[in-house]
Amino acid sequence: MTKDIHSARADFPILKQSVNDHPLVYLDNAATTQKPQVAIDALVDYYTRLNANIHRGNHSLAVQATEAYEGARRKVAGYINAERNHEVIFTRGTTESVNLLAYTYGEKFVQAGDEVIVTQLEHHSNYVPWQQMCLRRRATFRILPFNEHGELDLALFERMLNEKTRLVAVNHVSNSLGTVNPVEEIIRLAHAHEVPVLVDAAQSVQHIAHDVQSMDADFYVFSGHKMYGPMGIGIFYGKEKWLEALPPFLSGGEMIDNVTPEKVTFNVLPYKFEAGTPNVAQAIGLGVAIDYLKQFDPLELQNYEEDLLTYGLNLLAEIPDLVIYGSPSHRSGILPFNVNGIQHYDMGVLLDTMGIAVRTGQHCTQPIMDALHISGTVRASLALYNSREDLEKLADGVRRIIKMLKR
Amino acid sequence: MPGIQELQKDLSDDFSLLANWEEKYEYLIEMGMDMPAMKPESKVDENLVKGCQSSVWFDVKCQDGIMVFEADSDSLVVKGMVAMLYKLLNNQPAKEVLEAELSVFEELGLWRHISSQRSNGLTAMVAHLKAEALDCLAKGG
């Protein structure tokens, strides 16, 4: 028996409050989602009942905390269908996961003259680490542009791949435009040249059915806080063969096997990549958020959110002078727009006075804004607890603001 | 010319008549629209205030120790803030501007929305005007 999506809203206590004397309409989910009560409780419960440092002590609390932490790893592995639990590494978030790979992969596999391909649709977090790594390694940083629909051109991508290409980094869903990129096809084309692919799943893992094995992603990264889990916890998934081949990222406790003044041997996977005391409570909280998500039928969830997106985009499209950015054939979760003659900043501040939370600005995607020749957008973004009523309030709010400002 | 404190009191009274945030912002935006227009030739880079998310221009003149200025912004909300500063500080003695404690923004809660932005625009604007006031005093006004 799966859980009814319409019952979800009641599970998120923060959504019951008023902001600026209006019931909160939270449409900034691409920045961070709210947390269900069970995930909040998990944090308190951990510190109330279980707290101990993991993997070391042999006292009861340490053993139980370790078991809970490793249990969370198994839940994540199951959720993305990793072949092995130790292919799942806990990090602080997507940004740290990308940096982990950029540093370790760059050091081991990228030489002067090699090439790395990213796309023009990337968040700075999956752009700058590769740009900087290419500068350090004197490699070429190549950018696959997007077209007038906000989509990537696969024929062009195929032509960019060559014997010098060492890695491709691409997001599954663009955080600015919501474009769903054809990652399976990108991976297939890259693999034909024996090039591994990193998939940034920060905006997709919580919205779109996924499976790292059928997708055949070499690396797959995302953040806990954008999928109803706590902040400060994220995932770096890598195929075992790659994780074995890569050097450690950070060094310190937990990741070592044997240390002498002359040398060190490193611990086995996944501990080789988890130096220092990890965010145990947050990892456990993420595991609980995944349990929560798994109550819903994944396809039903995806359909519900896609219907909601279409409904919202249609409501906005009826508003005179409103421009929606991108027209990809498949879009997820994001409503990016501006109203001609009104600053996105003003729209954001005035929507806030009505209790409607959206984000305005560049959304950490300056290359996209430059390509569109705009300074930023208003971005409304969806989660499973949003309703048609939320989007009606957004559209009404936008109409009222237009009236207020255009006199 | 009423003093800055008196003008703050007037503003505070005006806003207290408004029922909700929407009305307060509507009023703020109207103040911006009613502010005398800045001459286009004054909207040059040296008059831009650094540290604001939106573009804000101030062209300040010092006339016998009195601060006289024109101002504008490409954001209507920010322009409303600019208009409040204009109402409070335009045509005031530089010494008064320098010593003014601008409590009205905090009092109205408008500050909260502006300072939540990454760069604190209002602080930058006030700092800019106080620096101009200091210059004005130094010129022996």
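How much area do chain A and chain B bury between them? In this predicted model, chain A and chain B bury about 1,600 Å² between them, with carbon and sulfur atoms accounting for 55% of it. The legends below take the views one by one.

**Figure 1. Chain A as a whole.** Chain A contains 13 helices and 17 strands. Along the principal axes, its C-alpha atoms fill a box of roughly 75 × 55 × 40 Å. A compact globule of 407 residues would have a radius of gyration near 22 Å, and the value for chain A, 22 Å, agrees with this. Of the 407 residues in chain A, 57% are buried. Among contacts in chain A between residues at least 6 apart in sequence, 70% join residues at least 24 apart.

**Figure 2. The contact between chain A and chain B.** Chain A gives 16 residues to the contact, and chain B gives 19 residues. The size of an interface is often given as the accessible area lost when the parts come together. For chain A and chain B, this buried area is about 1,600 Å².

**Figure 3. Polar contacts and the salt bridge across the interface.** Between chain A and chain B, six residue pairs are in polar contact, counting pairs with both residues at pLDDT 80 or more. One salt bridge is found across the interface of the two chains. Its partners are Arg400(A) and Glu22(B), whose closest N and O atoms are 2.5 Å apart.

**Figure 4. The side of chain A that touches chain B.** Two elements of chain A, α11 (344–353) and α13 (388–405), each give two or more residues to this side. The largest share, six residues, comes from α11(A). By residue type, the side of chain A that touches chain B divides into six nonpolar, four polar and six charged residues.

Figure 5. Asp28(A) lies in the loop between β3 (25–26) and α1 (37–50) of chain A. Is Asp28(A) buried or exposed? The relative accessible area of Asp28(A) is 14%, and buried means under 20%, so Asp28(A) is buried. Which residues does Asp28(A) contact, leaving aside its neighbours within four places in sequence? They are Ala357(A), Val358(A), Arg359(A), Arg379(A) and Ser381(A). Asp28(A) and Ser381(A) are 353 residues apart along the chain, yet their C-alpha atoms are separated by 5.3 Å.

How values were computed: Residues numbered from 1 in each chain as written. Chains lettered and ligands numbered in written order. Predicted model: local features only at pLDDT ≥ 70, side-chain atom pairs only at ≥ 80, totals over all residues. Heavy atoms only, no water. Contact = heavy atoms within 4.5 Å. Buried area = accessible area lost by both parts, 1.4 Å probe. Salt bridge = Lys/Arg side-chain N within 4 Å of Asp/Glu carboxyl O. Polar contact = N/O pair within 3.5 Å; in protein donor to acceptor, adjacent residues only side chain to side chain. Helix = DSSP H or I, 4+ residues; strand = E, 2+ residues; numbered from the N terminus. Nonpolar A, V, L, I, M, F, W, Y, C, P; charged D, E, K, R; others polar. Rg over C-alpha atoms; globule rule 2.2 N^0.38 Å. Buried < 20%, exposed > 50% of the residue type's maximum accessible area, 1.4 Å probe, protein only.
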